[in-house]
Amino acid sequence: KLDLELVSVTKRYGTTVAVNAINHLFHHGSYVCLLGPSGCGKSSTLRMIAGHESVSEGAILLGNTDISQMPPARRGTAMMFQSYALFPHMTVLDNVAFSQKMKGIDKATRHKKARELLELVGLDTLADRVPAQLSGGQQQRAALARALITGPEVLLLDEPLSALDPFLRIRMRSELKKLQQELGITFVHVTHGQDEALALADEVVVMNNAVIEQAGPAREVFNAP
Ligand code: ADP
Ligand code: ADP
């Protein structure tokens, strides 16, 4: 059970300071929503945790280990990308199994694991389709299964529901919450929606101008009843 901790993490792009020495402890097993205006540094923060972007300064601890210099696949984190990042020519099963293939895991083992994940997200009957043959929500679930197959301690989600229509968004929202509770891992979810954060988050972190402005339970942060 590993907490994730950002210790004075800074990201610079040339002279732009996108993230300015932020500190935060993400409790293991909590659903955290990261909010704030466009350009305040949310995506950069997520990408640094995932290892898709280097940190300029600071440390990222998972438990007692500084993961900030590790390659993405070894960190114990995974990022759920928008569904358009699925490989269009591959079946859903092969998409979900892809990272396992890269790791050199044999076909029978990775397919078995991928089927388990597809069952978890309710897509087991659609394993042999290609992404274009799935609805928007189904593609989203496939992207989720693809991220979860690595067995992460921390799942990072960058506006995962923004491309969905309002009805589907509400449904996927409750599915995400249910899945997070079942898995008992940490979700860090970037969203623009205050309603989304109220529905999902154990904790809300608000960024503004490259720093964390406020953090706490959603109802407190939003002053909701
Ligand atoms: P948010 O996700 O909150 O919209 P970002 O982390 O994407 O914020 O961006 C924070 C700041 O860093 C913005 O000023 C943005 O223009 C800048 N930025 C983000 N990515 C890059 C990049 N690859 N190169 C240069 N500047 C970037
Ligand atoms: P610390 O754990 O750093 O000693 P607190 O327990 O006061 O300090 O929590 C710091 C922040 O984390 C607070 O905003 C609190 O709402 C939030 N928090 C505490 N425990 C949890 C938890 N189990 N899940 C989600 N958020 C939590």
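Cys33 counts as buried because its relative accessibility is 0%, where buried means under 20% relative accessible area, exposed over 50% and partly exposed in between, with a 1.4 Å probe and protein chains only. Cys40, at 2% relative accessibility, counts as buried as well. This is a predicted model, in which local features need pLDDT of at least 70 and side-chain atom pairs count only at pLDDT 80 or more, while totals for chains, interfaces and linings use all residues. Residues are numbered from 1 along each chain as its sequence is written, chains are lettered from A and ligands numbered from 1 in the order in which they are written, and side-chain values use heavy atoms, with hydrogens and water left out.

A search of the whole structure finds zero disulfides, a disulfide being a pair of cysteine sulfur atoms within 2.5 Å.

| Cysteine | Nearest cysteine sulfur | Distance |
|---|---|---|
| Cys33 | Cys40 | 14 Å |
| Cys40 | Cys33 | 14 Å |

Six strands form an open sheet of mixed pairing, in the order S6-S7-S8-S3-S9-S10; strands (E, at least two residues) and helices (H or I, at least four) are DSSP runs numbered from the N terminus, and two strands pair if DSSP finds at least two bridges between them. At the edges stand S6 (77-80) and S10 (211-216), each pairing on one side only. S6 and S7 (residues 154-158) run parallel and are joined by four bridges, and Thr77 stands opposite Val154 in S7.

Helix H4 (residues 136-148) lies across S6 and S7, running at about 165° to S6; contact means heavy atoms within 4.5 Å, and angles run from 0 to 180 degrees between N-to-C directions of axes fitted to C-alpha atoms, for helices over the stretch in contact.
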